[in-house]
Amino acid sequence: MGKENKIERMISAEELPGFLRKMASAIENGATDEDAYLASIEGFEKLKMNIRNEQGQTVIKIKAKPSKEFSIGPAPEAVSGDSSTPAKPKYSNLKKKMRKSFKIIFKTLHSGELPPAEVVQEFIDDSRLMVTDEDKGLGDEYYEEYIALCNAFQKAFDEGDVEKTHAACDELNHMKTRCHAKYD
């Protein structure tokens, strides 16, 4: 993971709304040349912001932890011998990534909405990658049933049915719980 990016600015109270608009635009559309310093918050994984008034000035401090996609340098995954095929991530890194995406899916569905399509696709792709790691011996006997549940989840999501997607998500969660209880 890349290191944390920091921005600290002192502006007048009247300039604050404009600054926040520029920041929102940089997150949504990318930083402009005029506000290139805001490029450091693009693609963040975690963003902390502190705004306070000090002696008539507004002090803004922003800390942005970039996601792996936006980190500079080589990926933390093992390099494969064949440069045309992307390297397969370490099993533990894959599981950590899946845990994050499933948490977003689970919370969004339990609030009554469909999760973002990118998160669902990432989770499904990572799930398919996980079940190819049969040399681990951790839950191999669950893989066939797990992929069937992933397919049902994907189908319900593609249909846009929140209730069916929620139910399929709960089934995946139950299966994960059973498997992890046995192997964790």
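**Exercises on a predicted model**

**Exercise 1.** Is Glu141 buried, partly exposed or exposed in this predicted model?

*Solution.* Glu141 has a relative accessibility of 45%. Buried means under 20%, and exposed means over 50%. Glu141 therefore counts as partly exposed.

Glu141 sits in the loop between helix 3 and helix 4. Its C-alpha atom is 9.4 Å from that of Cys179, 38 residues away along the chain.

**Exercise 2.** Describe how helix 3 packs with helix 4.

*Solution.* Start with the geometry. Helix 3 spans residues 117-130 and helix 4 spans residues 143-159. The packing angle is about 160°, and the axes lie 10 Å apart. Angles over 145 degrees count as roughly antiparallel, so that is how helix 3 and helix 4 run relative to each other. Their crossing is left-handed.

Now look at the contact residues. Helix 3 contributes residues including Val120, Phe123 and Ile124, and helix 4 contributes residues including Tyr146, Cys150 and Phe153. By class, the contact holds 11 nonpolar, 4 polar and 1 charged residue.

**Exercise 3.** Find the residues that touch the most other members of the largest nonpolar core, then trace the contacts of Tyr146.

*Solution.* This core has 25 residues. Ile105, Phe123, Met130, Tyr146, Phe153 and Leu172 touch the most other members. Helix 2 (91-110), helix 3, helix 4 and helix 5 (162-183) each supply at least two core residues. Helix 4 gives the most, with 7 residues.

Leave out residues up to four places away in sequence. Tyr146 then touches Met98, Phe123, Ser127, Met130, Val131, Leu172 and Met175. Another core, of 11 residues, lies apart from the largest one and includes Ile7, Leu16, Ala26 and Ile60.

Definitions and conventions:
Residues numbered from 1 in each chain as written. Predicted model: local features only at pLDDT ≥ 70, side-chain atom pairs only at ≥ 80, totals over all residues. Heavy atoms only, no water. Axes fitted to C-alpha atoms, helices over the stretch in contact; angles between N-to-C directions. Helix = DSSP H or I, 4+ residues; strand = E, 2+ residues; numbered from the N terminus. Parallel < 35°, antiparallel > 145°, perpendicular 65-115°, else oblique. Left-handed = near helix turned anticlockwise from the far one by under 90°. Contact = heavy atoms within 4.5 Å. Nonpolar A, V, L, I, M, F, W, Y, C, P; charged D, E, K, R; others polar. Buried < 20%, exposed > 50% of the residue type's maximum accessible area, 1.4 Å probe, protein only. Core = buried A, V, L, I, M, F, W, Y, C linked by side-chain atoms within 4.5 Å.
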